[in-house]
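Welcome! Have a look at the structure below, and then we can go through it together, one question at a time.

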Amino acid sequence: EEKEKNNEEKQQSRKVCENCQRPQKTCLCSSFPVNGPFPLNFEIIILQHPHEAKKTLNTAKLLPFVLSNCKVFIGRNILSSLPIELKNSIELNKKQTFLLYPSKDSIPITS
């Protein structure tokens with residue numbers, strides 16, 4: 001009887017929320033904005049490394065639930081990972097495009 005209880009607990013702990021894809025015990029859906037994502041007048045594009053995307057608790061995949069105009073793409077290289085129409089849009093709007101990437105040579109953004 002004890003083994004059955006342990007198996008049931010394991011199965012319950014493995015269940016994942018269909019919406020946020022987090023374990024049901026840590027589902028964040030109730031924390032998302034009630035009226036949908038916050039509206040933005042600009043687009044946020046996130047290129048997420050495949051290793052990070054595989055992590056159960058990665059936060060990048062949660063941003064589209066909170067921010068409108070936010071898209072997450074998985075890949076190692078911005079040139080090969082983004083759809084062609086998105087690359088074309090970035091090319092056309094170079095003055096309005098910013099690349100944020102942490103590195104030792106990063107330049108701090110000031111307001």
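**Getting to know the chain**

Of the 111 residues in the chain, 15% count as buried. The model is a predicted one.

Q: In what order do the elements of the chain run from the N terminus on?

A: The chain has five helices and two strands. Reading from the N terminus on, the order of these elements is α-β-α-α-β-α-α.

Q: What share of the accessible surface of the chain belongs to carbon and sulfur atoms?

A: The accessible surface of the chain comes to about 9,500 Å². The share of it that belongs to carbon and sulfur atoms is 55%.

Q: Among the contacts in the chain with a separation of 6 or more, what percentage comes from residues 24 or more positions apart?

A: A contact here means heavy atoms within 4.5 Å. Taking the contacts with a separation of 6 or more, residues 24 or more positions apart account for 59%.

Q: Is Gln48 buried or exposed?

A: Gln48 sits in strand S1, which covers residues 44–48. Its relative accessibility is 6%. The limit for buried is under 20%, so Gln48 counts as buried.

Q: Which side chain makes a polar contact with the side chain of Gln48?

A: Leaving aside neighbours within four places in sequence, Gln48 is in contact with several residues, including Ala53, Val72, Phe73 and Gly75. Asn58 is also one of these contacts. The polar contact, at 3.2 Å, joins the side chain of Gln48 to that of Asn58.

Q: Are the rings of Phe32 and Phe65 stacked or edge-to-face?

A: The structure holds one aromatic pair. The ring centres of Phe32 and Phe65 are 4.6 Å apart, with the planes at 5 degrees. Planes under 30 degrees apart count as stacked, and those over 60 as edge-to-face. The pair is therefore stacked.

Q: How many residues apart are Phe32 and Phe65?

A: Phe32 belongs to the loop between helix H1 (2–14) and S1, while Phe65 belongs to helix H3 (residues 63–66). Phe32 is buried, at a relative accessible area of 13%, and Phe65 is partly exposed at 25%. The pair links distant parts of the chain, and the two residues are apart by 33 residues.

Q: Which residue meets Lys71 in a salt bridge?

A: The structure holds two salt bridges. In one of them Lys71 takes part, with 3.1 Å from N to O. The side chain that Lys71 meets there is that of Glu43.

Q: How far apart in sequence are the parts that Lys71 and Glu43 tie together?

A: Lys71 is partly exposed, with a relative accessible area of 39%, and Glu43 is partly exposed at 38%. Lys71 lies in strand S2 (residues 70–74), whereas Glu43 lies in the loop between H1 and S1.

Q: How far apart are the closest N and O atoms of Lys55 and Glu52?

A: Lys55 is partly exposed, with a relative accessible area of 49%. Glu52 is also partly exposed, at 32%. These two residues form a salt bridge, and their closest N and O atoms are apart by 3.6 Å.

Q: How much accessible area do Leu47, Ile78, Leu79, Leu99 and Tyr101 have together?

A: These five residues form a nonpolar patch on the surface. Tyr101, in the segment after helix H5 (84–92), counts as exposed at 62% relative accessibility. Together, the residues of the patch have an accessible area of about 570 Å².

Q: How far apart in space are Leu100 and Ile46, C-alpha to C-alpha?

A: Leu100 lies in the segment after H5 and counts as exposed at 63% relative accessibility. In sequence, Leu100 and Ile46 are 54 residues apart. In space, their C-alpha to C-alpha distance is 9.3 Å.

Q: What is the value that phi of Gln21 is near?

A: Most residues other than glycine have a negative phi. Gln21, in the loop between H1 and S1, has a positive value. Its phi is near 65 degrees.

Definitions and conventions:
Residues are numbered from 1 along each chain as its sequence is written. This is a predicted model: local features need pLDDT of at least 70, side-chain atom pairs count only at pLDDT 80 or more; totals for chains, interfaces and linings use all residues. Side-chain values use heavy atoms; hydrogens and water are left out. Helices (H or I, at least four residues) and strands (E, at least two) are DSSP runs, numbered from the N terminus. Buried means under 20% relative accessible area, exposed over 50%, partly exposed in between (1.4 Å probe, protein chains only). A polar contact is a pair of N or O atoms within 3.5 Å; within protein, one must be able to donate a hydrogen and the other to accept it, and residues adjacent in sequence count only if both atoms are side-chain atoms. Rings of Phe, Tyr and Trp (its six-membered ring) pair if their centres lie within 6.5 Å; planes under 30 degrees apart count as stacked, over 60 as edge-to-face and the rest as tilted. Patches are made of residues with over 30% relative accessible area and no salt bridge: like charges are joined within 9 Å, nonpolar side chains (Val, Leu, Ile, Met, Phe, Trp, Tyr) within 5 Å. Accessible areas come from the Shrake-Rupley method with a 1.4 Å probe; for residues, only the protein chains shown count as cover. A salt bridge is a side-chain nitrogen of Lys or Arg within 4 Å of a carboxyl oxygen of Asp or Glu.
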